Amino acid sequence: MDNAKNNQIVQLRNVVKRFDSVVAVEKMDLDIEEGSLVTLLGPSGCGKTTILRMIAGLEDCTEGDIYIKGKRVNDVPVHKRNLGMIFQDYALFPHKTIYDNVAFGLKYRNVSKAEIRKRVTRALETVRLPGVEHRKPAQLSGGQQQRIALARAIVIEPDVLLMDEPLSALDENLREEMRQEVDNLQSELGITTIFVTHDQREALSMSDTIIVMKDGLKQQEGGPEEVYDAPVNHFVADFLGHCNFYRCRITGREKGLTTVEVEGGQTLYSEHDEGWEVGEELELLVRAQKIVIESRTEEIPGVSLNIFPGKVKSRMYMGGEAWYFVEMEDGTVIHAINISRVAPFHEGDEVTLHIPPRHCRLIPKD
Amino acid sequence: MLKIKGWSLIRFYTILVYIWMFAPIAVVIILSFNPQQFGTFPMEGFSFKWYGDLFHNRTIIMAFKNSMILGSLTAILTTAIGIPAAMAFIRYEFPGKNTLNTLLLAPIMIPEVVLGVSLLLFLRWLQQPKSFLLLLIGHCVLTLPYVLLVVQARLVSIKRSYEEASLTLGAGPFQTFKEVTLPLLTPAIMAGMLFSFSISFDDVTATLFWATAQSQTVPVKIFAMLRNNISPEINALGAVMIVLTISIPLLAGYLARRFSRRLE
């Protein structure tokens, strides 16, 4: 391959997948670095699982090429690709014991009986479930089954670990715990992992790289901070967290900041500048968590720009945080999320909003 | 009070239905121990006479052997055909799939008389004599739909991800079938074989057309015996068949349970 780099373990070039006339994946290029954890993030039907299944070989690609360790694998059948896959429903063989489940992949790899025993024991210790060898999958809890699935996949020392929404079948608390465990295990073993999820928190907390997808198209690729703080379009911003969006027009530059006029006529300052022309129509995006909300009487120290009066229209108390919907003078409603404070605001309170120019992102009009 | 009255009515009705269903069977079994030629109640004595006669009747023993061999071969053949066919229908896409599936299930809908005659005519057209092979083919046609239905239903419930997991772990398609799909299918295969055997063992209508003097089955033999005279031997034969057809599934169920318990 012309553009092969040594540390790229999985590469997709112009991969297209069509089911009859429906396009599931469109012109996908992907480079996955050895040892990294890459997340394919998107709503259901965005093609993320299809990509994973194509890499695994469970699905053919309609067009394009897939390379694993620099070798084109389009025509290599699943069982010869040396990949570990974790399924949403774990897919532990119900008729086999845990030992036989974990040992399954080793049987096809010329490993001696004694070595199999050693490696299975070690894998079960790695997932912190030693001593369950003789049980059947049905005798284990969901979280334990997930760990066995993990042990079964890593025991064969795969080139890449593929995980298809592995945590979505678990309940909230267990999911958090397993997420950390998978994350720790991945960095401990240094195993290249491709993780498919629709859960933004999973993606943000675990990934080295996030690939946000929609309708079979890659929307953005980057580190968690990058896709969260600098989304390239409306969809990415909206999918990752709670945002306020306003139609706006560039009006000029002042004090090193870009000035925009939003729909209601207000002028806002933004640190974001990509050399737009004056008059260009864009969309202003502000994350709900970045908005500072204070009572009308208090001064916000050291701040002179982007300060607006408003009135709390409704409030939702969420325990650790509070959501406020604040109505501005021009009638637009701003969604602000604040860490819960001692004296929270109530409906009807007069407040002052500060929108830091640093957090005013400008993105193409949707 | 009214509620209790309603329930006792239902209980009474249920008991009546059971009596209506099982009384004839019970009569057959009881009369088979009656030493008299013509059974009347109360019975005068108790004997195994008719069972003794039965075991010395060479033609009946022959028919019994035929039925057993035919039933077993039918069960083995239909599962051997039915498993790959069910795999194809459930796991793969190919043109004409639905039509073919309907065609394979058609023998259930077609009257057995038609099936019996048509296979016979087909054989005539091929200019082949009637034989045991014809009987075997016929019984396979009769029982294949049941095996297919049972195996397909089970296959639908076996998640595709088991097989996919096996493939990703390095097992080839054949090894995956052997190690994962087949063991998970076993209950359905057992049920299919049992169905197949008992339908074959039991069939009269179509078998009447296909059987030769050498390849008579038990039901056909009983039918022939009834035409000549009503011998109490038939009661004994009936009793043996009842015991067999009830005990085989029970035994199979028991073995299956013991087998699965040992696996755990």
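Five strands of chain A form an open, antiparallel sheet in the order 13-12-11-14-20. The model is a predicted one. Chain A is divided into domain 1 (8-237) and domain 2 (242-364), and chain A also makes a contact with chain B, to which 18 residues of chain A and 16 residues of chain B contribute.

- One of the paired positions is A:Cys243, whose bridge partner in strand 14 of chain A is A:Arg287.

**The six-strand sheet**

- A sheet of six strands in chain A is also open, with the order 6-7-8-3-9-10 and mixed pairing.
- Strand 6 and strand 10 (217-222) of chain A stand at its edges; each has a single partner strand, so one side of each is left without a neighbour in the sheet.
- From one strand to the next, the twist averages 15°.
- Strand 9 (residues 209-214) of chain A pairs with strand 10 of chain A in the antiparallel sense, over five bridges.
- A:Met213 has A:Lys218, in strand 10 of chain A, as its bridge partner.

- Strand 1 (residues 8-19) and strand 4 (residues 63-68) of chain A are antiparallel partners over five bridges.
- In this pairing A:Val10 stands opposite A:Ile68 of strand 4 of chain A.
- Strand 4 of chain A also pairs with strand 5 (residues 71-72) of chain A, in the antiparallel sense and over two bridges.
- The bridge partner of A:Tyr67 in strand 5 of chain A is A:Arg72.
- Strand 4 and strand 5 of chain A form a hairpin with two residues between them, and A:Lys69 in the turn has a positive phi of about 50°.

**Positive phi in loops**

- Most residues other than glycine have a negative phi.
- A:Asp20, which is not a glycine, has a positive phi of about 55°.
- A:Asp20 is found in the loop between strand 1 and strand 2 (22-33) of chain A.
- A:Asp20 is exposed, because 5 other C-beta atoms lie within 10 Å, and a residue counts as exposed at 12 or fewer.
- A:Asn82 likewise has a positive phi, near 55°, in a residue other than glycine.
- The loop between strand 5 and strand 6 of chain A holds A:Asn82.
- A:Asn82 is partly exposed, with 18 other C-beta atoms within 10 Å; this class covers residues between the exposed limit of 12 or fewer and the buried limit of 20 or more.

**Nonpolar cores**

- The largest nonpolar core has 98 residues, of which A:Ile55, A:Val102, A:Ala151, A:Leu162, A:Ile194 and A:Leu284 touch the most other members.
- Helix 4 (residues 142-154) of chain A gives the most to this core, with six residues.
- Domain 1 and domain 2 of chain A each supply at least three residues to this core.
- Leaving aside residues up to four places away in sequence, A:Val102 touches A:Val120, A:Ala123, A:Leu124, A:Ile148, A:Ala151, A:Arg152 and A:Val155.
- A second, separate core of 14 residues includes B:Ala86, B:Cys140, B:Leu148 and B:Ala191.

**Contact between the domains**

- The C-alpha centres of domain 1 and domain 2 of chain A are 39 Å apart.
- Six residues of domain 1 of chain A are in contact with seven residues of domain 2 of chain A.
- On the domain 1 side of this contact, four residues are nonpolar, two are polar and none is charged.

**Contact between the chains**

- The contact between chain A and chain B takes 18 residues from chain A and 16 residues from chain B.
- Strand 6 (residues 83-86) of chain A gives the most to the chain A side, with three residues.
- By class, the chain A side that touches chain B has eleven nonpolar, four polar and three charged residues.

Definitions and conventions:
Residues numbered from 1 in each chain as written. Chains lettered and ligands numbered in written order. Predicted model: local features only at pLDDT ≥ 70, side-chain atom pairs only at ≥ 80, totals over all residues. Domains from an automatic or database assignment. Contact = placed C-beta atoms within 7 Å. Nonpolar A, V, L, I, M, F, W, Y, C, P; charged D, E, K, R; others polar. Helix = DSSP H or I, 4+ residues; strand = E, 2+ residues; numbered from the N terminus. Pairing = 2+ DSSP bridges. Axes fitted to C-alpha atoms, helices over the stretch in contact; angles between N-to-C directions. Core = buried A, V, L, I, M, F, W, Y, C linked by C-beta atoms within 7 Å.
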